[in-house]
Amino acid sequence: MHRRHGFILLFGTRAIESSDGRPPVRTVCPNCNQTADIVGKSYRQWFTVFFIPVFPISGSTRFSRCTNCDATFEVGAEELSSRVAETQREQSQRTISLYNSLRNSPANSITLNELMTLYAGLGEFDQAISAAAQFPDALNNSEQCMTTLGRIYLAQNKHAEAIQWFDAALARNNLLGEAHFHKAVAHLTSTPPDYQKAIASARAARSNGFPNADALLREAEAKARG
């Protein structure tokens with residue numbers, strides 16, 4: 001009796017990446033908001049036998065990747081840079097419009113908050129702080145403006161100033177979960193950290209239904225336990 005010996009033929013497809021051969025483009029990454037090199041890449045699908053690519057079965061598709069955060073974008077590096085520049089131009093024009101509006105209505109808290117948020121999005125934290133100082137009526141009449149200002153100081157790692165403005169916001173509205181949450185972050189990331197105050201603030205944020213407050217509370221409690 002003869003036995004027939006067979007074998008299993010493993011085949012499939014997979015995408016293979018390669019460089020697009022162009023130099024990196026230095027711009028602001030839309031994902032991490034940091035200035036970084038954006039590298040151009042491309043990929044195409046290949047037919048594989050025993051996991052070895054044999055021949056391509058699709059055309060080449062360009063994309064780009066941030067070297068700082070590793071985020072990928074479905075456009076080439078040059079196009080991504082162009083889109084970022086256009087967005088920044090639009091945001092800069094918007095900040096000018098908001099600033100002029102505040103000159104006419106210096107107590108408009110909604111406009112100030114949008115202006116500070118736009119400046120922060122552009123990474124221009126000092127401009128945001130300057131705007132808050134120039135329009136104190138709008139700032140002091142809004143716990144949301146105070147909270148936004150606190151977050152801007154926190155982004156600069158100025159924890160004491162951040163906590164000061166979170167406290168000012170909470171003095172106006174102690175149910176503001178956002179202020180409690182970021183105050184907890186400020187205490188948790190201070191040097192040295194104050195775990196007990198972070199826990200108290202995180203609990204208050206959770207009680208007021210702020211997203212991710214429960215996870216922040218668990219992190220603060222875990223660090224407090226060592």
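This report covers aromatic pairs, helix packing, backbone geometry and selected residues in a predicted model.

## Basis of the model

Because the model is predicted, local features need pLDDT of at least 70 and side-chain atom pairs count only at pLDDT 80 or more, while totals for chains, interfaces and linings use all residues. Residues are numbered from 1 along each chain as its sequence is written, and side-chain values use heavy atoms, with hydrogens and water left out.

## Aromatic pairs

A search of the whole structure gives two aromatic pairs. Rings of Phe, Tyr and Trp (its six-membered ring) pair if their centres lie within 6.5 Å; planes under 30 degrees apart count as stacked, over 60 as edge-to-face and the rest as tilted. Tyr 99 and Phe 135 make an edge-to-face pair, with 5.7 Å from centre to centre and 75° between the planes. Tyr 99 belongs to helix H1 (residues 77-104) and Phe 135 to the loop between helix H3 (125-134) and helix H4 (136-140), so this pair ties together parts 36 residues apart in sequence. Helices (H or I, at least four residues) and strands (E, at least two) are DSSP runs, numbered from the N terminus. Both Tyr 99 and Phe 135 are buried; buried means under 20% relative accessible area, exposed over 50%, and partly exposed in between (1.4 Å probe, protein chains only).

The rings of Phe 181 and Phe 210 have centres 5.0 Å apart and planes at 40°, so this pair is tilted. Phe 181 is in helix H7 (residues 177-189) and Phe 210 in the loop between helix H8 (195-207) and helix H9 (213-225), so the pair ties together parts that are 29 residues apart in sequence. Phe 181 is buried at 12% relative accessibility, whereas Phe 210 is partly exposed at 24%.

## Packing of H8 and H9

Two packed helices are described by the angle between their axes and the distance between the axes. For H8 and H9 the angle is about 160° and the axes are 9 Å apart. The axes are lines fitted to C-alpha atoms, for helices over the stretch in contact, and angles run from 0 to 180 degrees between N-to-C directions. H8 and H9 are therefore roughly antiparallel; angles under 35 degrees count as roughly parallel, over 145 as roughly antiparallel, 65 to 115 as roughly perpendicular and the rest as oblique. The crossing of H8 and H9 is left-handed, a term used if the near helix is turned anticlockwise from the far one by less than a right angle, with right-handed if clockwise.

Residues in the contact include Tyr 195, Ile 199 and Arg 203 of H8 and Leu 216, Leu 217 and Glu 221 of H9, where contact means heavy atoms within 4.5 Å. By class, the contact of H8 with H9 has 10 nonpolar, one polar and five charged residues. Ala, Val, Leu, Ile, Met, Phe, Trp, Tyr, Cys and Pro count as nonpolar, Asp, Glu, Lys and Arg as charged, and the others, Gly among them, as polar.

## Packing of H2 and H5

The axes of H2 and H5 come within 9 Å and cross at roughly 15°. H2 and H5 are therefore roughly parallel, and H2 passes H5 in a left-handed crossing. Ser 109, Leu 112, Asn 113, Met 116, Thr 117 and Ala 120 in H2 meet Gln 144, Cys 145, Thr 148, Leu 149 and Ile 152 in H5. The residues of this contact divide into six nonpolar, five polar and no charged.

Asn 113, in helix H2 (residues 109-121), is buried at 16% relative accessibility. Not counting residues up to four places away in sequence, Asn 113 touches Gln 144, Cys 145 and Thr 148.

## Glu 178

Glu 178 is in helix H7 and is buried, with a relative accessible area of 13%. Not counting residues up to four places away in sequence, Glu 178 touches Gln 144, Thr 147, Arg 151 and Phe 210.

## Backbone geometry

Most residues other than glycine have a negative phi, and most peptide bonds are trans. The peptide bond from Thr 191 to Pro 192 is cis, with omega near -5°, and Pro 192 is in the loop between H7 and H8.

Asp 70 has a positive phi, near 70°. Asp 70 sits in the loop between strand S5 (61-66) and strand S6 (72-73) and is exposed at 52% relative accessibility. Asn 157 also has a positive phi, near 65°. Asn 157 is in the loop between helix H5 (143-155) and helix H6 (159-172), and is exposed with a relative accessible area of 58%.
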